[in-house]
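This report describes one protein model for a reader who has not seen it before. The sequence and the structure come first, and the description follows.

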Amino acid sequence: MASSDKTIDDSLYPIAVLIDELKNEDVQLRLNSIKKLSTIALALGEERTRSELIPFLTETIYDEDEVLLALADQLGNFTSLVGGPEYAMYLIPPLESLATVEETVVRDKAVESLRIVAAEHSAQDLEIHVVPTLQRLVSGDWFTSRTSACGLFSVCYPRVSQPVKAELRANFRKLCQDETPMVRRAAASKLGEFAKVVEIEYLKSDLIPNFVQLAQDDQDSVRLLAVEACVSIAQLLPQEDVEHLVLPTLRQCASDSSWRVRYMVAEKFVDLQKAVGPEITRVDLVPAFQYLLKDAEAEVRAAVATKVKDFCANLDKANQVHIIMTSILPYVRDLVSDPNPHVKSALASVIMGLSPMLGAYNTVEHLLPLFLIQLKDECPEVRLNIISNLDCVNDVIGIQQLSQSLLPAIVELAEDSKWRVRLAIIEYMPALAGQLGQEFFDQKLRGLCMGWLNDHVYAIREAATLNMKKLVEQFGAQWAEQAIIPMILVMSRNKNYLHRMTCLFCLNMLAEVCGTDITTKLLLPTVLLLASDPVSNVRFNVAKTLQKISPFLDSSVIDTQVKPTLEKLNADTDVDVKHFASEAIAAIAAEMELDVFRVVIPPVLGKAQEDAMTAKLIAAPPSSTNDNNLKSEATNGRE
């Protein structure tokens, strides 16, 4: 008997721990307890979870919002723990209570979990348990329950009988006409979702009037949500119905007195365009797009400016160029000189994308002058957005035309008196180099990159060294050996010690991408030479450099050249030089102990060569004979 009592006590222990922790004054303990609900439910078993745990949770919904949020989240995944879908109705009471609390995030999570649980009900159980819950929420005294109800219609509607469907449509109409703006806002946000599950005839007869009413609401927060519903409804209706049921409301929203509603129209404009089709776009949406491009509010102009490329790309191909040239480009031209920098920046991020649509002649005649204006804009973001998208224009008009028209403006920016402008151009140089190609870069831009290494601002010199590494990754180590390393090594003999230090910084970066061979033959001798520099700052940077490039050197080179130099620096009269030399000696020794087999680091090939090799492998995959040869070569390499 005593043994039996002990077994019962042990089985009750988990629920006792839960109750104790839920009543604890420490919020974190209560939160941890809620997060362990699934473990406790497993310990209790399905029947006791239904009969004891769930009622207990339902009665104790009065806690901190953080705890309630965790509880709402947990209950959404509880169906299997209460015995499966046939017992899912036990989860509805606590979730219904959570759906009525004041805190929005808790209500939203409770509705999300209710949707999951409702989907797991059978059609019969849905009508018996979930639909009455929805109706109770709809008729709740507080707006909180009515806002939560809006999220349940779309999950219930497809699986209930026709009379219940009619009742649900009536309830949704009631919420759309609710006296509380928060409820109407919730109804507007779920209107598009509900429209997707309602039959087409009831969409026209019941939901379209609701949509029109919400789009004319006196609260702009409700009207802007109706714009989102407009996209969903337009996708569901035939073209002729869109024209007379949706378009009048859309036109009204595009010229709404509230800028927030117009902003939402601008944000959703391309989605609307895809929903209504090319003919309605040409007749109705193009004028609306023009109206938004010259909107009084900068936020609206910026939002619609980002849609210029996508809107033009989705125009009817037969009339695309004509519509862009006559109806869009004149308004775009005005935005190029817009007083608001955000508008100009938004336009600059997409305007280059018009080039492929308009072709070479129109790009040169009409777009290039706009690009030049933007490249000289006082706002750095505008200039950089143009530079970062030059490849679009390059593909259309060719490198020669591009260099004649835009390169002078880029060079002017690269030599700008404001160092932040120069810094921004440096950051975009690797991307620009990749777009323009190696030959063009060597002719026109390599001198600029080398000049930045001698800039009087440290941030520019630092960025220029990183730029060198990225350029080698783009063009390959062989290009670096011929084009830039000789020019960098010359800096080691400059009278200004800052330039000699910049040389060391460059060698640090280049060792990572040039491989063991180039590092040993070209970079290391210069580093060792600077170990005798008269300036202590240069000498201790030599110690740091030797430590950084040591992973790319052979162990014999380290023993014969690096270690003696570091030992010499470790005996230097300057305290800082000795410190960094001893650090380097210790780090290299530790590294050599770990690296039992030091591997020769291959040089970077460059993006062009890597792409070519990849294409070759795709076109002609290696045969088994080639595989054997590769294995043989690999074995020889290891030996």
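## Overall picture

Among contacts (heavy atoms within 4.5 Å) in the protein between residues at least 6 apart in sequence, 69% join residues at least 24 apart. The model is predicted: local features need pLDDT of at least 70 and side-chain atom pairs count only at pLDDT 80 or more, while totals for chains, interfaces and linings use all residues. Residues are numbered from 1 along each chain as its sequence is written, and side-chain values use heavy atoms, with hydrogens and water left out.

The secondary structure comes to 39 helices and 0 strands. Helices (H or I, at least four residues) and strands (E, at least two) are DSSP runs, numbered from the N terminus. Of the 639 residues, 50% count as buried. Buried means under 20% relative accessible area, exposed over 50%, and partly exposed in between, with a 1.4 Å probe and protein chains only. The protein exposes about 30000 Å², of which carbon and sulfur atoms supply 52%; accessible areas come from the Shrake-Rupley method with a 1.4 Å probe, and for residues only the protein chains shown count as cover.

In soluble globular proteins, nonpolar side chains tend to be buried together. The largest nonpolar core here has 212 residues, and Phe78, Val308 and Ile351 touch the most other members. Helix α34 (residues 497-529) gives the largest share of this core, 14 residues. A nonpolar core is a set of buried Ala, Val, Leu, Ile, Met, Phe, Trp, Tyr and Cys residues joined through side-chain atoms within 4.5 Å. Leaving aside neighbours within four places in sequence, Phe78 is in contact with residues including Leu37, Ala41, Leu53 and Leu91.

The end C-alpha atoms of α34, a helix of 33 residues, are only 14 Å apart, short of the 48 Å that a straight helix would reach at 1.5 Å a residue. That expected span is 1.5 Å times one less than the number of residues. α34 bends by about 130° at glycine 515, where the bend is the angle between axes fitted to the seven residues ending there and the seven starting there.

Helix α36 (residues 555-570) bends by about 35° at valine 562, and proline 564 follows within four residues. Buried residues in α36 include Val557, Val562 and Leu569.

## Three residues and their surroundings

Glutamine 320 lies in helix α21 (residues 320-336). Glutamine 320 counts as buried because its relative accessibility is 7%.

Aspartate 295 is in the loop between α18 (278-293) and α19 (298-305). At 5% relative accessibility, aspartate 295 counts as buried.

Serine 349 is in the loop between α22 (341-348) and α23 (355-375). With a relative accessible area of 32%, serine 349 is partly exposed. Its C-alpha atom is separated by 7.3 Å from that of threonine 306, 43 residues apart along the chain.

The table gives polar contacts, which are pairs of N or O atoms within 3.5 Å; within protein, one must be able to donate a hydrogen and the other to accept it, and residues adjacent in sequence count only if both atoms are side-chain atoms.

| Side chain | Backbone atom | Distance |
|---|---|---|
| Serine 349 | Oxygen of alanine 346 | 2.6 Å |
| Aspartate 295 | Nitrogen of glutamate 297 | 2.8 Å |
| Asparagine 496 | Nitrogen of leucine 498 | within 2.9 Å |
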